[in-house]
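This report goes through a few selected features of one protein model. Keep the sequence and the 3D view at hand while reading.

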Amino acid sequence: MKDSAPIGSNPGDEQAFRAAYLIAGFIRNSLTEAEKDELDDWVVANMDNQRIFEKLTNKKNIDAWIKERQGIDTVTALERIKTKISFGPPRKKPIVAPVWIYAAAASVLLGLMFLILYLSKTNIPKPPDIVITKPADINPGMDKAILTLSDGTKIKLDTVKNGNLVSQGNTNITKNDSGGLAYQLIRPSTLPQVELFNELTVPAGGQYNVVLPDGTKVWLNASSSLKYPTVFGGAKRQVELTGEGYFEVAKDPMFPFEVSVNGSTVQVLGTHFNINAYTDEPVTNITLAQGSIKLNNLMLLKPGENAAVSKNGNMLKGGADIEMVLAWKNGQFVFKDTPIDVLMRQVARWYNANIIYDATIPKHFNATIPRATPVSKLLHILEVTNEVHFKIEGNQITVMK
């Protein structure tokens, strides 16, 4: 590190040194629980922090840095750094700063971190704690749903124990160990079966999955529902969807599988596909991941293709970004040049939040964020662009310039 390094010349220096201290403590396994929480908050604050953390905790990088610095007079270097950093009283805000500050301070942080790591046996003065005032927040969604039986009985699935729940006709309904729902025939039968219909309803802030009696697997996103028979007894396997669902259909050429959604019918034999049919979206999107499907007996889709169906029934076929489409099912938000209104509709459903707009935001956003992230951290990542800001009050999120 050069003597002319401009440490102390901007407010990011203290924060960079604090981050270095926490990362060094993480590697040495010496952090307190409060410091672990502080480090977690810093890492998820933005993608730059995540990249810095991954780089600094990579064992190959650590070994290389230590080897390179073995000849340095570390005590003198530490004293030089300390004299260039002036710590004031702890600030009542988390260790976050504009992206440009961390980009500019990255080399400083690297040097500081490895110097501290190398001096692990030296009595290092602990930087002052940064007092974090936790903002208003909304927790992410979870596995929850309501099962409505054919007689109208409702079962709140997130409150019942795993195991057999009830029998409907010739079918056992079970909540499995992974928390999903499964239908299984009690005994095989060649006789015609009476169709008793169940409905699985997932509220805002929820998600759920079910294995239908034919072995078809369905994942439901927030604010969605699926109506289906407890046994498929007709010439077709027919279900009805509202909201969004991902299907892995069990193959059976003798009995085609059909999904009715928003006035359209998706016809399949055995395939994997996603349907986004929320009524607050401008179109219904049917996206094929594997196999083939036919839409309204007119349009055939191949893997990687999407059909957009307008409110008046017009259909348009095009390519699909499978990563974006299936992100929700894979536990992520994936935004690629996504407008704020499209983004916030996803946020509203998953966090069961009410969205209010106090400004028009023309900016489109790019980010990959785990769905397990509390909403305050997700919104902060978007705020780093300085193109949008948010205010959380209860379950209401206000979008501001």
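Arg237 and Asp214 form a salt bridge through their side chains, with N and O 2.5 Å apart. Arg237 belongs to strand E11 (residues 237–248), while Asp214 sits in the loop between strand E8 (206–211) and strand E9 (217–220). The pair therefore ties together parts that are 23 residues apart in sequence. The model described here is predicted.

The two partners can also be described by their accessibility. Arg237 has a relative accessibility of 3% and counts as buried, because buried means under 20%. Asp214 is partly exposed, with a relative accessible area of 24%.

## Salt bridges within helices

The whole structure contains 11 salt bridges. One of them joins the side chains of Lys36 and Glu33, at 3.3 Å from N to O. Both residues lie in helix H2, 3 residues apart, which is about one turn of the helix. Lys36 is partly exposed, at a relative accessible area of 34%, whereas Glu33 counts as exposed at 56% relative accessibility.

Another salt bridge links Asp341 with Arg345, and their closest N and O atoms are 3.8 Å apart. These residues are 4 apart in helix H8 (residues 340–351), so about one helical turn separates Asp341 from Arg345. Asp341 is partly exposed, with a relative accessible area of 35%, and Arg345 counts as buried at 19%. Salt bridges with shared partners join Asp280, Glu281, Asp341, Arg345 and Arg349 into one network.

## How two helices pack

Two packed helices are described by the angle between their axes and by the distance between those axes. Helix H2 (residues 33–44) packs with helix H3 (residues 47–56) at an angle of about 120°, and the axes are 6 Å apart. The two helices are therefore oblique to each other.

Which residues of H2 and H3 meet? On the H2 side they are Leu39, Trp42, Val43 and Val44; on the H3 side they are Asn49, Gln50, Ile52 and Phe53. The residues of this contact divide into 6 nonpolar and 2 polar, with no charged ones.

## A buried threonine

Thr398 is found in strand E24 (residues 396–400). Is Thr398 buried or exposed? Its relative accessibility is 8%, and since buried means under 20%, Thr398 counts as buried.

Leaving out residues up to four places away in sequence, Thr398 touches Ile356, Asp358, His389, Phe390 and Lys391.

Definitions and conventions
Residues numbered from 1 in each chain as written. Predicted model: local features only at pLDDT ≥ 70, side-chain atom pairs only at ≥ 80, totals over all residues. Heavy atoms only, no water. Buried < 20%, exposed > 50% of the residue type's maximum accessible area, 1.4 Å probe, protein only. Contact = heavy atoms within 4.5 Å. Axes fitted to C-alpha atoms, helices over the stretch in contact; angles between N-to-C directions. Parallel < 35°, antiparallel > 145°, perpendicular 65-115°, else oblique. Nonpolar A, V, L, I, M, F, W, Y, C, P; charged D, E, K, R; others polar. Salt bridge = Lys/Arg side-chain N within 4 Å of Asp/Glu carboxyl O.
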